[in-house]
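Welcome to this guided tour! Keep your viewer open and select each stop as we reach it.

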Amino acid sequence: MAKNNKESGVYLACVPHVPLMQMQEKEQNGPLWQAYEARVAEFNKFNPDIVFVFGGDHYHGVHLKLMPTFIVGQIAEAIDDCGGTPGKLDIPLEVSEACVKYLMAEDFDIATSYAMVIDHGFSNVISAFMGALDSRPVVPVHINSMSSPRPTLKRCRLLGEAIGRFAKTLNKKVAFLGSGGLSHQTNFIFPEYADAEKNTRDFIVHGGAQGEISLDAWKNGIDESMQHLSADLISGKFKAPWINKEWDERFLEVFGSNDLTAFDDWTDSDVLEAAGYGGGEIRMWIAAAAAARAAGGPPIVIDYYSENTTLAIGAGVAHSALEPAV
């Protein structure tokens with residue numbers, strides 16, 4: 001069993017993936033990067049045998065023509081989107097397929113992909129921790145936080161716990177990464193179906209296969225918008241009004257208490273109202289932390305939070321200490 005293997009262990013890190021992090025000099029948000037890079041150093045010291053990454057898509061690889069709630073990638077490649085890094089992932093097929101079988105036995109009707117396309121919601125964090133996207137074995141787990149209907153926070157917790165129990169059977173050093181921001185607004189650039197104009201609606205449904213907006217046009221539009229937003233944030237011309245410091249700090253307080261069941265009663269509508277559509281990315285943090293805890297990982301530590309960056313998000317960093325599984 002894993003607890004008797006000195007070479008096993010568990011590591012967790014939860015960090016943002018906002019594209020502006022890759023567009024701005026690190027000195028612009030020095031304290032955030034200090035906390036982030038400390039997590040990267042710990043990750044590399046831990047030297048995991050396999051990494052489970054909980055992330056989400058932004059209408060680049062998954063569209064409303066078919067929007068699964070959860071996807072476990074079997075074969076995956078990242079596109080060159082704003083804030084992302086292109087390249088293929090090294091997914092050990094025998095592990096990802098075994099993970100799916102385990103989840104099915106745990107009553108999760110999980111979706112799979114043998115041609116998964118990911119964007120900065122995964123590649124931003126993977127490249128920051130690993131350098132090349134294929135430098136370590138990775139299993140990507142997609143959670144829909146972009147469009148309604150989104151999974152409950154309880155279901156995300158349960159998914160994470162099931163993946164953590166599976167990971168424990170591997171008898172390896174396992175890292176779990178949660179990729180996402182705290183309070184921030186995304187519906188002005190990544191709208192839901194009901195909020196989108198016709199051309200945008202065609203794209204978010206069909207991904208450029210129908211309608212007037214191609215994938216390249218979509219990516220270019222996002223890049224241009226982000227460039228303008230970044231310049232306005234750095235100059236002080238614009239300050240993100242959607243950041244909810246009180247809500248962020250409440251989330252981190254509960255998250256750091258290590259009782260993730262406390263999120264079970266948090267509703268999607270309450271999260272959207274208080275934290276914006278981007279705030280739904282806390283699902284990735286909850287699932288990753290639940291996986292780490294179920295795999296035998298040590299308690300969660302909150303490393304950093306600020307509502308006052310040039311990133312237009314509530315920016316947080318959390319991790320678990322480097323200790324063996326018990």
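Helices (H or I, at least four residues) and strands (E, at least two) are DSSP runs, numbered from the N terminus. Axes are lines fitted to C-alpha atoms, for helices over the stretch in contact, and angles run from 0 to 180 degrees between N-to-C directions. You are looking at a predicted model, where local features need pLDDT of at least 70 and side-chain atom pairs count only at pLDDT 80 or more, while totals for chains, interfaces and linings use all residues. Residues are numbered from 1 along each chain as its sequence is written, and side-chain values use heavy atoms, leaving out hydrogens and water.

**First stop: two helices.** Select helix α2 (residues 30-46) and helix α4 (residues 120-130): they pack at an angle of about 65 degrees, with axes 9 Å apart. Y36, R39, V40, F43 and N44 of α2 are in contact (heavy atoms within 4.5 Å) with N124, V125, A128, F129 and M130 of α4.

**Next: R39.** Now select R39, which is buried at 7% relative accessibility (buried means under 20% relative accessible area, exposed over 50%, partly exposed in between; 1.4 Å probe, protein chains only). Its side chain meets that of E42 in a salt bridge, 3.0 Å from N to O (a side-chain nitrogen of Lys or Arg within 4 Å of a carboxyl oxygen of Asp or Glu).

**Last stop: R250 and E253.** These two form a salt bridge as well, at 3.3 Å. R250 is partly exposed at 42%, and E253 is exposed at 53%.
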